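Me: I am new to this structure, and I would like to understand the terms used for it. Could you take me through them with care?

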Amino acid sequence: MMEKKPLDWIALTGAKPLGKRPYFFDDPAVERVLAVTMAVAQEVAVLRERLDTIERLLEKGNADFSRADIDAYAPDPAAATERAEWSRMYIARVLRIVQQELEALNTPENNVDIAAIADELGRI
Amino acid sequence: MSAWPTPPPYSLVGKHGVSPDFTHDERARFNFLAQLNTHLAAQVVPGNARAYETRVKPAFEAEHGRAPVDRHEVRKAMLRDSYFQTWSALRRSSMELRQQNGREVVLRQLDKLNAKAAALNHQSPQLKLNPDVAIPAYIRKVDFHCMPGGYTTELAADDVSAAANYDIGVFATTGGGLGCFNDGAGLAVAQWMRSRYPDFNPKRILDMGTGAGHTVTAIAQAFPDSEIISVDVAAPMLRFAHARAKSLGVNNITFMQANAENVPLPDADFDVVLTTIFLHETSNLAIRRIMAETHRLLKPGGLSFHLEQPQYAGLPLFEQFMRDWDALYNNEPFWTRMHEMDIEQLMADAGFQRDKMFQDKAEGILDETIFGKPKSDVEDFGRKAAWHLFGVHK
Ligand SMILES: C[S@@+](CC[C@H](N)C(=O)[O-])C[C@H]1O[C@@H](n2cnc3c(N)ncnc32)[C@H](O)[C@@H]1O
């Protein structure tokens with residue numbers, strides 16, 4: 001009898017959905033790098049949240065906690081608020097260039113080409 | 001004010017009998033995505049309008065000597081803009097992360113999860129599966145919202161994985177916008193029915209395209225004396241929806257595998273026929289057949305309505321274009337056509353009378369202790385929990 005092969009669930013997590021993927025950047029390589037970067041960014045956030053959980057469990061004075069305690073941890077409103085604030089800062093940091101491009105769009109008067117300013121400084 | 005941050009932590013998501021187990025890091029992934037999606041909607045999205053007004057539209061006008069005439073022209077021009085490209089690539093990658101995260105949680109415990117559902121579903125007369133129901137082409141051709149395998153794929157016997165993945169990711173995609181049980185739409189519909197028809201206690205209600213049962217279960221809780229039939233073509237969705245409802249103590253819904261285009265139930269069988277967040281995932285011919293079924297199944301004097309995002313007619317072109325994003329870039333291909341249809345004509349073609357039609361609005365209802373007071377804040381073009389209701393009395 002044929003053995004039933006167990007599902008390779010890790011391979012299945014990343015299955016491509018039916019339908020062609022849109023690429024937005026002129027060069028698909030840029031899109032690829034962005035997607036990889038965001039996946040890594042997510043994992044950094046996960047590591048940080050785990051560290052935060054461990055610190056908070058330690059602060060409760062009991063160094064004798066297990067991985068199951070980490071999995072069971074649920075923040076109270078105060079801890080959740082601090083963690084959310086960290087996340088907001090983190091995402092603001094990662095996506096800073098996008099935010100600055102928007103700022104440039106919103107205030108073109110503050111976005112004058114530096115070479116043009118150099119010319120002007122040569123004149124005044 | 002609520003003591004919880006916005007979006008609230010994933011640990012507050014409601015548990016039911018088919019909730020998968022979560023590790024710490026799996027919750028953290030969804031926390032990250034909820035924050036990222038909230039950031040994209042509030043901080044990044046507004047720049048698209050700015051880019052359009054300040055450079056894309058002027059460049060289009062310089063080139064063509066006129067403004068764009070429809071959302072397709074707006075899109076062609078915006079697709080060349082680097083700000084729109086960046087936001088779109090970020091949003092697409094966030095959707096892909098969401099799918100992989102959800103599938104990780106569900107697939108690593110697939111057998112256990114399916115067994116939980118099977119135990120709740122065992123020999124229930126309220127779960128009527130029918131493997132002979134054919135899967136319509138429009139859900140075989142594309143995986144909606146980039147959900148690999150769509151609604152119907154079965155990886156094992158008694159599979160509920162498609163629905164379980166759908167269920168656990170809503171909170172991350174919407175930043176909690178549908179509430180802890182993803183039932184903000186159901187609560188909104190129930191409140192809308194109660195306030196519009198205070199003395200109406202429908203005996204029989206039909207819900208078509210039930211999905212994971214988020215909306216119908218909340219409606220069933222609000223109308224405990226009504227007998228509700230929920231149809232869907234996808235067995236994994238129905239198994240999950242039935243098990244979830246049972247575990248939440250909801251017993252007045254029968255879940256039935258059937259195509260909404262051709263429901264095997266008698267004429268004039270229902271006081272209410274409704275769909276929620278469903279019609280945009282069908283097709284041009286299917287939506288007409290579904291409307292015809294709505295008319296056939298409804299009792300004279302009965303009420304039918306459909307909950308969707310607003311129709312495009314009358315919206316500014318730029319907003320129409322933004323609302324099309326999910327249609328083209330998050331695998332919702334009928335969304336774009338559906339939202340430009342003349343829905344009154346659609347209902348009239350199905351045999352309904354124009355003077356009995358109505359259109360209305362409904363906003364998602366969320367638990368204030370967690371989500372705070374409702375605020376009409378950021379527009380996420382198609383994802384906001386603010387819907388358009390259209391319907392008719394027979
Ligand atoms: C987006 S989900 C519905 C969401 C659900 N009504 C809610 O409010 O939570 C769409 C569902 O429609 C189902 N579906 C698609 N075409 C169908 C058809 N012709 N008849 C019945 N169900 C259908 C899919 O299987 C899927 O479960």
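**Terms and values**

Reply: Pro7(B) has its place in the segment before α1 (24–44) of chain B, where helices (H or I, at least four residues) and strands (E, at least two) are DSSP runs numbered from the N terminus. The peptide bond from Thr6(B) to Pro7(B) is cis, with omega near -10°. This is a predicted model, in which local features need pLDDT of at least 70 and side-chain atom pairs pLDDT 80 or more, while totals for chains, interfaces and linings use all residues. Side-chain values use heavy atoms, without hydrogens and water, residues are numbered from 1 along each chain as its sequence is written, and chains are lettered from A and ligands numbered from 1 in the order in which they are written.

Me: What makes the pair of Tyr151(B) and Tyr166(B) tilted?

Reply: Rings of Phe, Tyr and Trp (its six-membered ring) pair if their centres lie within 6.5 Å, and planes under 30 degrees apart count as stacked, over 60 as edge-to-face and the rest as tilted. By this rule the count comes to 20 aromatic pairs over all chains. The centres of Tyr151(B) and Tyr166(B) are 6.0 Å apart and their planes stand at 55°, so the pair is tilted. Because Tyr151(B) lies in the loop between α6 and α7 (161–174) of chain B and Tyr166(B) in helix α7 of chain B, the pair ties together parts that are 15 residues apart in sequence.

Me: Which polar side-chain atom lies 2.5 Å from an oxygen atom of the ligand?

Reply: That atom belongs to Thr215(B), and a polar contact is a pair of N or O atoms within 3.5 Å (within protein, one must be able to donate a hydrogen and the other to accept it, and residues adjacent in sequence count only if both atoms are side-chain atoms). An N or O atom in the side chain of Asp232(B) is 2.6 Å from an oxygen atom of the ligand, and for Thr276(B) the distance is 2.7 Å.
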